[in-house]
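Reader: I'm new to reading protein models. Could you walk me through this one, feature by feature?

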Amino acid sequence: MRTFFIRRLLEAVIVFFGVTLVIYSMVYALPGDPIAALAGDRPLAPSVVRSLREQYHLDEPLLAQYGHYLAGVVQGDLGSDFTGRAVAEQMADRWPVTVRLALTAWFIEAVVGIGLGVLAALRRRTWTDRLVLAFTIGAVSVPVFVLGYTAQVIFGVRLGWFPVAGDAAGWPSSYFLPALVVAAFGLASVSRLVRAEVIDNLRADYVRTATAKGLSGRRTLVVHVLRNSLIPAVTYLAVDLGYLLGGTVLIEGVFNLPGIGQLLFQSIRNHAGPTVVGVSTALILIFLAVSVLVDLLNSLLDPRIRRD
């Protein structure tokens, strides 16, 4: 178990260095001078420009800049933007919005996805199964921003069921519609996973044995079939929670929700490199931590995973 944990942890560290280096390089290797852009139409004095470039290590090679940034991350510092405001401070006020959105979407994924999967498996080769299949294919085929704008126009503007944008109405009114859009892709995968697993387990020998012993169909389904069928779906949902925390950039932009995704969206648009890198690093750390935790829990449930 200790060897498995160390191996997974080392893999996560390697992924962290690789991904953050790519993001840092993409942000800071772009043409243009961020200090000059900060001044706008009124150029800064050469002494001020020189001081700012030294402060943010922009006068050093790219790898040296990345090294300074990593040294700050190790100490819990995600950096500061070019106005001097810490990235962690900017994120602090926005985390509650993103967490509420992500957890709402995750709950929809779990409940609706598992429900549709079980329903499709029990009604296999009927119109119900075909409708669930058509829905899941359609959900993963439409780009998220198209689905978001469409839902906003139909349910927000024309029908008036939900607020069009912002979080003034609070939870759940302001969060349900964007959460439903975000969850549409995940619940499609969950429903297909659950459907396939339930169908396989319904054909298993232990189900025939339970039926032969006189157990009712409902008890066999709930106690035996679902318990074994939900393991892949629970694993997917656990990992997907990390995706949801970092994957709401477009939706928060579409629905004007003041969360981490909107901060990242605005920072990219405003060419705020330190904020883009800092927010991305925080989201990467969250996703890697969730992934390692899921691997450890799976290894406890199934020791064979430790030998992979």
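Reader: Which residues touch the most other members in the largest nonpolar core?

Author: Quick ground rules before that. This is a predicted model, where local features need pLDDT of at least 70, side-chain atom pairs count only at pLDDT 80 or more, and totals for chains, interfaces and linings use all residues. Residues are numbered from 1 along each chain as its sequence is written, and side-chain values use heavy atoms, with hydrogens and water left out. Now, a nonpolar core is a set of buried Ala, Val, Leu, Ile, Met, Phe, Trp, Tyr and Cys residues joined through side-chain atoms within 4.5 Å. Buried means under 20% relative accessible area, exposed over 50%, and partly exposed in between (1.4 Å probe, protein chains only). Here the largest core has 20 residues, and F16, Y69, L78, M91, L264 and V279 touch the most other members.

Reader: Which helix gives the largest share of this core?

Author: Helices are DSSP runs (H or I, at least four residues), numbered from the N terminus. The top supplier is α14, with seven residues. Also, this core lies between domain 1 (1-77 + 271-307) and domain 2 (95-269), because both give residues to it. Those bounds come from an automatic or database domain assignment.

Reader: What does V279 touch?

Author: Contact means heavy atoms within 4.5 Å. Leaving out residues up to four places away in sequence, V279 touches V87, M91, I260, L263 and L264. Apart from this core lies another one, of 19 residues, including L101, I108, V181 and L244.

Reader: Okay, pockets next. How much space lies in the second largest pocket?

Author: Picture a 1 Å grid over the protein atoms alone: a pocket is an open set of points with protein on both sides within 12 Å along at least five of seven lines, while a cavity is a set of points where a 1.4 Å probe fits but cannot get out. Lining residues have an atom within 4 Å of a point. Points are joined across faces, edges and corners, and a volume is the space filled by probe spheres set on them. The second largest pocket holds about 350 Å³. It is lined by 18 residues, and Y56, H57, Y69, G79 and S80 are the closest to its centre. Helix α4 gives the largest share of that lining, four residues.

Reader: Last one: which peptide bond is cis?

Author: Most residues other than glycine have a negative phi, and most peptide bonds are trans. In this model, the bond from W171 to P172 is cis, with omega near 10°. P172 sits in the loop between α8 and α9. For phi, look at R125, which has a positive value near 65°. R125 is exposed, with a relative accessible area of 65%. N256 has a positive phi too, about 55°, and counts as partly exposed at 43% relative accessibility.

Technical notes. Helix = DSSP H or I, 4+ residues; strand = E, 2+ residues; numbered from the N terminus.
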